[in-house]
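Colleague: Could you walk me through this model, one question at a time?

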Amino acid sequence: MAMKLHCFGESGNAYKAALTLSIAGLEWEPVFVDFFQGATRSPEFRALNEMGEAPVLVADDEVLTQSGVIQYFVVEKTGKLGGATPREEREVLRWILWDNHKMSSQAGTLRFLMNFVPEEKRPAEVIRWLSGRLKAALEVLDRHLEGRDWIVGAGPTIADMACCGYLYYPEPFGFDRKDWPNIDRWLDRIAALPGWKHPYDMMPGRPSDRA
């Protein structure tokens, strides 16, 4: 039976999990979470994930939450995308933690505030501060990718799937690929992998559905 990923297209964190499942070649089905109508706050969803967040992966009798945990579950299940050596495995974990703290947390919040909050309620000072934080993170990633095809080692890992999570989205949030040539080339390499799809094609839910 295919695994079920509770997700929605606008979520970069859900995309990290969905992309990892797909690139690893696992069979899975999306279950739409209507986030913008309050689905994650419902008692039914909280019974699935007490944290009230997507993604949630239901695999047989196990329920997994948090994108990084789901990514590591895929590594354990398939033996893929986790790094080729113990040193690489540690380096993959380092970048997963860095992304969650330094990049996705900034990019996700900034994109939400700039696109999904009514314009008159957007906090200008917060947006300005987050923009600086995101720029600093992008500088770290772009510099690291200089002369590299992948974040860790000679092939794709869940570090790549994590760090790219928000960078394919079309909504403006202070990221323009042409400003970051090493990131730009890296995103093209990920998009060339078998199983890759844009987040709005991989998961149900997109802004135009609510237009």
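Predicted model: local features only at pLDDT ≥ 70, side-chain atom pairs only at ≥ 80, totals over all residues.

Colleague: Is serine 67 buried or exposed?
Modeller: Residues are numbered from 1 along each chain as its sequence is written, and side-chain values use heavy atoms, leaving out hydrogens and water. Buried means under 20% relative accessible area, exposed over 50% and partly exposed in between, with a 1.4 Å probe and protein chains only. Because its relative accessible area is 4%, serine 67 is buried.

Colleague: Which residues does serine 67 touch, beyond those up to four places away in sequence?
Modeller: Serine 67 lies in helix α3, residues 67–78; helices (H or I, at least four residues) and strands (E, at least two) are DSSP runs, numbered from the N terminus. Contact means heavy atoms within 4.5 Å. Leaving out residues up to four places away in sequence, serine 67 touches Asn13, Lys16 and Pro55.

Colleague: Which elements do the buried residues of α3 pack against?
Modeller: The buried residues of α3 include Ile70, Phe73 and Val74. Their partners are β1 (3–7), α1, β3 (56–59), β4 (62–65), α4 and α6 (158–163).

Colleague: Within what arc do the buried residues of α5 fall?
Modeller: Among the buried residues of α5 are Ile127, Leu130, Leu134 and Leu141. The arc is taken from the directions from the helix axis to the C-beta atoms. Seen down the axis, the buried residues line one face of α5, because they fall within an arc of 140°.

Colleague: Which exposed residues sit on the face of α5 turned away from its buried side?
Modeller: The buried residues of α5 pack against α4 and α7 (181–191). The face turned away from that buried side carries the exposed residues Glu125, Arg128, Trp129 and Arg143.

Colleague: Which helix supplies the largest share of the lining of the largest pocket?
Modeller: Both α1 (12–23) and α4 (86–115) supply at least two residues of this lining. The largest share, seven residues, comes from α4.
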